[in-house]
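Student: I would like to take a close look at a single part of this model. Please go through it slowly and connect it to its surroundings.

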Amino acid sequence: EKLNISILDFGAIGDERGMLTICEGEQDIPFIPKRIFYIYRSGADVVRGQHANKVTDFVLINVSGSSKVKIMDGRGNELVYSLSRPNTGIYIPHMVWKEMYDFSADSVLLCLASEHYDPNEYIRDYDEFLQEVEKNDDITSKLLK
Ligand code: TYD
């Protein structure tokens, strides 16, 4: 199975008044956000994230500045994506390990989440994440039998 992420292009409507980018739930992104948060004033040498979520899907958009996001599926697939455009987002489904870093001084990283905050659905230990992936794969293969 491949990394199930996707890059979303929201487009932009521009006129003499400036630019407008629209992100409609269940249209431009695969879910209706229940939670919106944003990360800013993170230092250039900071690594954030470093977790996977059991149920929450995310869309990340650098509405200002830039950052990188590294994602790993726990099955050997990984990818680094540079977010640097206010009209581009990355969709990161649940059960994908993510790390955000290389924040520019003007970086504002907007995060749209499919679920409310629940610390219990965060996996913050990489080995625990690998175990959880293995467990899910076992269940899936048994169901397919
Ligand atoms: P953390 O998950 O470490 O942020 P990031 O992954 O973006 O680096 O969250 C930092 C703190 O904020 C932590 O104590 C949990 C809290 N928090 C909430 O209460 N609600 C939220 O929606 C988020 C994302 C974090």
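Student: In which loop does Arg 41 lie?

Tutor: Arg 41 lies in the loop between strand 4 and strand 5. Keep in mind that this is a predicted model. The protein chain averages a pLDDT of 96, and 99% of the residues score at least 70. For the complex, the predictor gives an ipTM of 0.96 and a pTM of 0.95.

Start with the backbone of the residue itself. Most residues other than glycine have a negative phi. Arg 41 has a phi near 55 degrees, which is a positive value in a residue other than glycine.

A second residue can be set beside it. Asp 102 also has a positive phi, near 55 degrees, and is likewise a residue other than glycine. Asp 102 lies in the loop between strand 10 (97-101) and strand 11 (108-113). Around Asp 102 there are 18 other C-beta atoms within 10 Å; this count falls between the limits of 12 and 20, so Asp 102 is partly exposed.

The ligand is surrounded by Arg 35, Phe 37, Ile 39, Arg 48, Gly 49, His 51 and Tyr 117. Strand 4 (35-40) and strand 5 (48-53) are the elements that give two or more residues to this shell. By type, the shell residues divide into three nonpolar, two polar and two charged.

In general, the strands of a sheet pair through backbone hydrogen bonds, either parallel or antiparallel. Strand 5 and strand 12 pair in the antiparallel sense, over two bridges. At this pairing, Asn 53 stands opposite Tyr 122 in strand 12.

Last, the wider stretch of chain. In an unreviewed entry, UniProt lists residues 4-133 as "domain: Sugar 3,4-ketoisomerase QdtA cupin". Over residues 4-133 the chain is 6% helix and 45% strand, and the end C-alpha atoms are 14 Å apart.

Methods: Residues are numbered from 1 along each chain as its sequence is written. This is a predicted model: local features need pLDDT of at least 70, side-chain atom pairs count only at pLDDT 80 or more; totals for chains, interfaces and linings use all residues. A residue is near a molecule or strand if its C-beta atom, placed from the backbone, lies within 6 Å of it. Helices (H or I, at least four residues) and strands (E, at least two) are DSSP runs, numbered from the N terminus. Ala, Val, Leu, Ile, Met, Phe, Trp, Tyr, Cys and Pro count as nonpolar, Asp, Glu, Lys and Arg as charged, and the others, Gly among them, as polar. Two strands pair if DSSP finds at least two bridges between them. UniProt positions are given in the numbering used here, feature names are shortened, and annotations may be inferred rather than shown by experiment. pLDDT is the predictor's confidence in each residue, from 0 to 100.
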